[in-house]
Amino acid sequence: MKIAENLKQLKKEIPEKVSLVAVSKTKSVESIQEAYNAGQRDFGENKVQEMVQKWEALPRDIQWHMIGHVQRNKVKYMAPFVHLIHGVDTQKLLLEIEKQAAKNDRVINCLLQVHIAEESSKFGFEPNEVAAVLKQNQSLSHVNIIGLMGMATLTDDKEQIKREFQQLKSLFDELFASKPNPVLSMGMSGDYPLAIATGSNMIRVGSLIFGARNY
Ligand SMILES: *Cc1c(COP(=O)(O)O)cnc(C)c1O
């Protein structure tokens with residue numbers, strides 16, 4: 001395993017102000033522990049049940065990021081500990097997070113997922129909906145919407161990826177410029193350099209750290 005080595009290499013390539021979420025979905029507790037021992041503290045999962053099991057098995061100072069699509073009936077399982085929910089894509093989900101965060105006496109940080117890719121997707125708000133969603137949820141006391149998350153089209157066309165990231169960045173600047181420490185989560189193994197060049201301050205990288213996934 002060269003997890004520690006991969007992490008070190010990646011860290012060298014990304015500016016200090018860009019946070020790295022190590023995407024550990026499908027990977028073992030041992031692999032995560034190895035990354036932890038190399039100093040990594042932020043990990044991303046896309047299934048609630050899997051994240052809960054890993055949370056139970058691993059050190060408590062890990063910050064767990066939910067990066068996948070979330071079903072409302074699963075929110076309660078991660079509400080006690082989740083650090084940041086990246087994929088918030090409906091009003092109903094926001095209200096469920098508010099409810100479960102309140103039960104746990106926590107404020108849960110969330111990102112709104114925005115649909116920027118050309119591919120049609122069921123997930124994510126349309127860019128023109130986001131301002132209204134923020135306005136509508138200003139008064140929630142247990143949910144803190146601290147930024148945006150997006151995924152570019154799966155394509156080799158770098159210009160297209162760049163255009164999509166730029167679109168999300170300008171929306172982010174428009175809506176979050178006046179907020180403290182806002183988060184723009186964009187960029188994965190295949191496109192993180194472009195994402196950082198376009199203004200991302202949080203990247204979600206899996207296969208470059210842990211190797212390819214076998215589903
Ligand atoms: C799996 C996943 C990633 C990481 O993908 P890699 O290509 O392995 O870096 C990032 N973001 C989301 C939302 C994912 O589901």
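Residues are numbered from 1 along each chain as its sequence is written, and side-chain values use heavy atoms, with hydrogens and water left out. In this predicted model, local features need pLDDT of at least 70 and side-chain atom pairs count only at pLDDT 80 or more, while totals for chains, interfaces and linings use all residues.

Salt bridges come first. A salt bridge here is a side-chain nitrogen of Lys or Arg within 4 Å of a carboxyl oxygen of Asp or Glu. By this rule there are four salt bridges. One of them pairs R41 with D61, with the closest N and O atoms 3.2 Å apart. R41 sits in the loop between helix 2 (29-37) and strand 2, and D61 in the loop between helix 3 (48-57) and strand 3 (63-66), so the pair ties together parts that are 20 residues apart in sequence. Helices (H or I, at least four residues) and strands (E, at least two) are DSSP runs, numbered from the N terminus. R41 is partly exposed, at a relative accessible area of 28%, and D61 is partly exposed at 42%. On this scale, buried means under 20% relative accessible area, exposed means over 50%, and partly exposed is in between (1.4 Å probe, protein chains only).

Two further salt bridges lie within helices. E50 and K54 form one, with a closest N to O distance of 2.8 Å. These two residues of helix 3 are four residues apart, which means a separation of about one helical turn. Both E50 and K54 are buried. In helix 7, K169 and D173 are likewise four residues apart, about one turn of the helix. Their closest N and O atoms are 2.7 Å apart in a salt bridge. K169 is partly exposed, with a relative accessible area of 22%, and D173 is partly exposed at 34%. Salt bridges with shared partners also join E45, E50 and K54 into one network.

D42 is a charged residue without such a partner. D42 belongs to strand 2 (residues 42-45). D42 is buried yet has no salt bridge, and the nearest side chain of opposite charge, K11, is 7.3 Å away. Apart from neighbours within four places in sequence, D42 is in contact (heavy atoms within 4.5 Å) with L20, V21, A22, Q63, H65 and H83.

On the surface, E118, E119, D156, D157 and E159 gather in a patch of negative charge. Such a patch is made of residues with over 30% relative accessible area and no salt bridge, like charges being joined within 9 Å. The place of a charge is taken as CG of Asp or CD of Glu. Among the members, D157 is in the loop between strand 6 (143-150) and helix 7 (158-176). D157 is partly exposed, with a relative accessible area of 35%.

The backbone features concern phi. Most residues other than glycine have a negative phi. T26, which is not a glycine, has a positive phi of about 70 degrees. T26 is in the loop between strand 1 (19-23) and helix 2, and is partly exposed at a relative accessible area of 37%. D105 also has a positive phi, near 55 degrees. D105 lies in the loop between helix 5 (91-103) and strand 5 (108-114), and is exposed, with a relative accessible area of 68%.

Methods
Patch = residues over 30% accessible without salt bridge, like charges linked within 9 Å, V, L, I, M, F, W, Y side chains within 5 Å. Areas by Shrake-Rupley, 256 points an atom, 1.4 Å probe, with all protein chains shown as cover. Lys, Arg positive; Asp, Glu negative; His and termini not counted.
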